[in-house]
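Please keep the sequence and the model in view while reading.

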Amino acid sequence: MKVIETIVEMNRLRLKLAEPVGFVPTMGYLHDGHLALVNQARSENSTVVVSIFVNPTQFGPTEDFKSYPRDIKRDLAMLEKAKTDIVFMPSAAEMYPPRFSSWVDVEKITEQLEGAVRPGHFRGVATVVAKLFNIVRPARAYFGQKDAQQMTVIKKMVTDLNMNLEVVACPTVREPDGLAMSSRNTYLKPEERKAAAVLYQSLKLAQQLWSQGEKDAEKIRRQVMELIQKQPLARIEYVSIADNETLEELDVVKPPALVSLVVKIGKPRLIDNVVLE
Ligand code: AMP
């Protein structure tokens, strides 16, 4: 496994890689959710490139950029074990040199959900992913369904800007109690960690109501919120049932619909979703 820190070095190495190249962008502090993406990339490509970059431009001024968990040594050991070929881990100065001034702005679908509460977040995400795609030039790039809106935004960017690669969506990997794996779960104190199971319980409730024939989105939203509110440590930021493509809120559930929610428990904002098919 080669560890590369500069774009010049990555460009040089890129010429020699066996095609096709599969790419997994991450912010590090890896868990089994990330490794599932790496494993899928490994099974479908001759070369696997993983990036580790905590991207400053996707964090708001009051968000956790500085305190975002980092453990490069552990990450590299995990990636080596998963048979990664190349780890690209540039510095912020390498990705954003002085006078950097070009941005990728995906409109409309970034106005709802995470985009509505984290202004500028998807501009930072789309820009860094576009840069990474240009540097790594993969045939396939792997993203988790856990960040459903992010995946929709990346797919839209790839289509709109004619980027010549396939975006592969990978299912959310969960803990035994259903909590979606996340680097930010480490912020949870033991009591909060137990309480966090309510996110997936509430998404399962939405799925159950839908499969029993409930089509009134507001009724499902309300029941999901009532279940979460029974957990005293949980503070709801939003519960959404939206069209899975446009991300516009629905009155009547029409599949495929994205049920997504953000709940604060202790320090972290926990995000999760299911798709009603
Ligand atoms: P992050 O390091 O949080 O930016 O995540 C890097 C990639 O891993 C993104 O495509 C995420 O959607 C994906 N990912 C994070 N957590 C999970 C999970 N629990 N299951 C599947 N994919 C995940």
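**Ligand site, sheets and backbone details**

The shell around the ligand draws at least two residues from each of strand E2 (21–26), helix H2 (32–44) and strand E5 (140–144); helices (H or I, at least four residues) and strands (E, at least two) are DSSP runs, numbered from the N terminus. The model is predicted, so that local features need pLDDT of at least 70 and side-chain atom pairs count only at pLDDT 80 or more, while totals for chains, interfaces and linings use all residues. Residues are numbered from 1 along each chain as its sequence is written, and side-chain values use heavy atoms, with hydrogens and water left out.

Helix H2 provides the largest share of this shell, 3 residues. There are 17 residues around the ligand, of which Met27, His34, Asp147, Val173 and Met181 come nearest; a residue is near a molecule or strand if one of its heavy atoms lies within 4 Å of it. Sorted by class, the shell holds 8 nonpolar, 7 polar and 2 charged residues. In this classification Ala, Val, Leu, Ile, Met, Phe, Trp, Tyr, Cys and Pro count as nonpolar, Asp, Glu, Lys and Arg as charged, and the others, Gly among them, as polar.

Which backbone atoms lie 2.9 Å or 2.8 Å from ligand atoms? A polar backbone atom of glycine 144 is 2.9 Å from an oxygen atom of the ligand. A nitrogen atom of the ligand lies 2.8 Å from a backbone N or O atom of valine 173, and a polar backbone atom of methionine 181 is 2.9 Å from a nitrogen atom of the ligand. A polar contact is a pair of N or O atoms within 3.5 Å; within protein, one must be able to donate a hydrogen and the other to accept it, and residues adjacent in sequence count only if both atoms are side-chain atoms. The ligand taken alone exposes 480 Å², of which the protein buries 93%; accessible areas come from the Shrake-Rupley method with a 1.4 Å probe, and for residues only the protein chains shown count as cover.

Strands E2 and E5 also belong to an open sheet of 6 strands, ordered E1-E4-E3-E2-E5-E6 with parallel pairing; two strands pair if DSSP finds at least two bridges between them. The parallel strands E2 and E5 are joined by 2 bridges, and phenylalanine 23 stands opposite alanine 141 in E5. Helix H2 lies across E2, strand E3 (47–52), E5 and E6, and runs at about 155° to E5. Contact means heavy atoms within 4.5 Å; axes are lines fitted to C-alpha atoms, for helices over the stretch in contact, and angles run from 0 to 180 degrees between N-to-C directions.

Another open sheet has 3 strands in the order E7-E8-E9, with antiparallel pairing. Strand E7 (234–243) and strand E9 (269–276) each have a single partner strand, so one side of each is left without a neighbour in the sheet. Strand E8 (residues 257–265) is joined to E9 by 8 bridges, and leucine 258 stands opposite valine 275 in E9. Helix H9 (residues 197–211) lies across E7, E8 and E9 at about 20° to E9. Helix H10 (residues 217–229) also packs on the sheet, touching E7 and E8, and its direction makes about 160° with that of E7.

Some backbone details lie in loops. The peptide bond from glutamate 19 to proline 20 is cis, with omega near -5°; proline 20 lies in the loop between helix H1 (7–14) and E2. Proline 255 and proline 256 are joined by a cis peptide bond with omega about -5°, and proline 256 is found in the loop between E7 and E8.
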